[in-house]
Amino acid sequence: MQEDIQTTCAIAGGGPAGLMLGYLLARAGVDVIVVEKHGDFLRDFRGDTIHPSTLEVMHELGLLDEFLTLPHTKAPKLTAEIYGKQVTIADFSRLPVKCRFIAFMPQWDFLNFLAQKARGYPNFRLIMDAEASDLLVEHERVSGLVVQTPQGRVTIRSQLVVGADGRNSAVREKAGLEIERFGVPTEVVWMRLSRKPDDPMEVMGHAGPRQGLVLINRGDYWQCGLVVRKGTFADVRNGGIEAFQRLVNEVSPLPADRVREVGSFDDVSLLTVRIDRLKCWWREGLICIGDAAHAMSPIGGVGVNLAIQDAVACANILARPLREGRLAQDDLAAVEKRRRFPTRATQKLQLMMRGKRRAGRDDADRQERKGPPAFLLWIARLPLLSHLAGRLIGLGFRMEHIRPQ
Ligand SMILES: Cc1cc2nc3c(=O)[nH]c(=O)nc-3n(C[C@H](O)[C@H](O)[C@H](O)COP(=O)(O)OP(=O)(O)OC[C@H]3O[C@@H](n4cnc5c(N)ncnc54)[C@H](O)[C@@H]3O)c2cc1C
């Protein structure tokens, strides 16, 4: 079966960026179709951090109270153990917003919520199990998406195509957009360890000479991310599960036997962390947002929130020209201009925090760094800096607000 559909905006990717943009455009009266390659949103160990800036967006949309009825845990601050002492590294208590905390919520709950709200608009359509595989191009202008579904090929013709298909975006590749890469990739090994009533309440970070461990309180379990240099995990894997357990125990504040809950490498999920961004986010008829435009490091857990902020800026700038059928290249350039600064500034900060150099310096980078990163030591010395860190993590460098349409 081959289907040919017409819409105003075709969005590839039903992640935070794509679904939020789909919702906002539909709310503004624009015809929109989101295609998502998976059949559901059930993916574990994704960006599960809903920051104060995203909660403020939900508040401005009048969705906050209902949203916060979904199961979540609140983190009013982030702490780390430095040389045996608990230090607040990011404090959200003074932010000028409604919610002064990070809400930890499974990403699938967040996405299901957005999809359900968007489906309330008759001009919104979400097609699941639909993978964008190519672009329609006419006279150098992108004019739609080619999508593969179990029922066959679908072509979607549109004024605008949005690549919101994540860090391995097929859309940006097909569009020939050029990527700049920064820093040296690291690896995060995600796993679950049970949480007992006597355990601390907060999100914690622990730094060791070769690795760091982040523990996120998810109610009855800790979501743990072991951060290691790229390539380390392959070595540890060769050493067997006990070698891995020992590596975790070197930095884990939990009783040593807890890590035995990770009984095999099937219980962990590996994320290769990289920082990159597009040199130019758009070409005529197409723009990329979220991870498709810029993959972030997990430092600060800002990926979801930057994706949401991109979607808000995109809807603010593009809804009217799309609705009125007069979308111009300048509009796409305006979205990139608005979001380029916060993206660059956040990535620069992440690179400084990692203390890493440009790609290609692997050998120099392999030299062991001892102790916690310098920025943690600064915050330990000057506790007021934890409020600045709270602001940069919680609100980012440029916070977007829902504009009346
Ligand atoms: C293991 C892991 C842990 C993370 N932890 C955090 C964290 O704690 N905090 C944080 O803020 N961020 C975290 N991130 C990053 C965060 O998930 C992303 O920054 C954020 O989800 C980006 O949103 P997005 O919508 O741009 O892209 P994505 O969330 O990647 O969504 C892209 C969507 O597009 C779909 N897709 C891909 N290709 C196609 C295609 N060809 N056609 C149709 N659909 C397609 C994908 O299935 C996906 O649903 C983590 C990422 C990973 C992988």
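Q: Which residue meets the side chain of Arg157 in a salt bridge of 3.4 Å, N to O?
A: This is a predicted model, in which local features need pLDDT of at least 70, side-chain atom pairs count only at pLDDT 80 or more, and totals for chains, interfaces and linings use all residues. Residues are numbered from 1 along each chain as its sequence is written, and side-chain values use heavy atoms, with hydrogens and water left out. A salt bridge here is a side-chain nitrogen of Lys or Arg within 4 Å of a carboxyl oxygen of Asp or Glu. At 3.4 Å, the partner of Arg157 is Asp4.

Q: How many residues apart are Arg157 and Asp4 in this pair?
A: Strands (E, at least two residues) and helices (H or I, at least four) are DSSP runs, numbered from the N terminus. Arg157 is in strand S12 (residues 152–157) and Asp4 in strand S1 (residues 2–6). The pair links distant parts of the chain, and the separation is 153 residues.

Q: Is Arg157 buried, exposed or partly exposed?
A: Buried means under 20% relative accessible area and exposed over 50%, with partly exposed in between (1.4 Å probe, protein chains only). Arg157 has a relative accessibility of 27%, so it counts as partly exposed.

Q: Which strands does the salt bridge between Glu138 and Arg157 tie together?
A: The closest N and O atoms of Glu138 and Arg157 are 3.5 Å apart. The two residues are 19 apart in sequence, so the pair ties together strand S10 (residues 131–138), which holds Glu138, and the strand of Arg157, S12.

Q: Are Arg258 and Asp199 buried or exposed?
A: Their side chains meet in a salt bridge at 2.8 Å, N to O. The pair joins the loop between helix H7 (241–251) and strand S18 (269–278), where Arg258 lies, to the loop between strand S14 (179–194) and strand S15 (203–207), where Asp199 lies, 59 residues apart. Arg258 and Asp199 are both buried.

Q: Which residues of the largest nonpolar core touch the most other members?
A: A nonpolar core is a set of buried Ala, Val, Leu, Ile, Met, Phe, Trp, Tyr and Cys residues joined through side-chain atoms within 4.5 Å. The largest one holds 80 residues. Its largest share, 11 residues, comes from helix H8 (residues 303–323). The members that touch the most others are Met20, Val35 and Leu145.

Q: Which residues are in contact with Met20, leaving aside its neighbours within four places in sequence?
A: Contact means heavy atoms within 4.5 Å. With those neighbours left out, the residues in contact with Met20 are Gly15, Val57, Met58, Leu61, Leu114, Ile308 and Ala311.

Q: In which sense, parallel or antiparallel, do strands S2 and S3 pair?
A: Two strands pair if DSSP finds at least two bridges between them. Strand S2 (residues 9–12) has Cys9 and Ile11 pointing one way and Ala10 and Ala12 the other way, and all are buried. Ala12 has Val35 as its bridge partner in S3. S2 and strand S3 (residues 32–35) have 4 bridges, and the sense is parallel.

Q: How many disulfides does the structure hold?
A: A disulfide is a pair of cysteine sulfur atoms within 2.5 Å. The number in the structure is 0.

Q: How far from Cys314 is the nearest cysteine sulfur?
A: Cys314 is in no disulfide. With a relative accessible area of 1%, Cys314 is buried. The nearest cysteine sulfur belongs to Cys9, at a distance of 7.4 Å.

Q: What distance separates the C-alpha atoms of Val146 and Ala132?
A: Val146 lies in strand S11 (residues 141–149) and, at 5% relative accessibility, counts as buried. Leaving aside neighbours within four places in sequence, Val146 touches residues including Ala132, Leu135 and Val154. Val146 and Ala132 are 14 residues apart along the chain, and their C-alpha separation is 5.8 Å.
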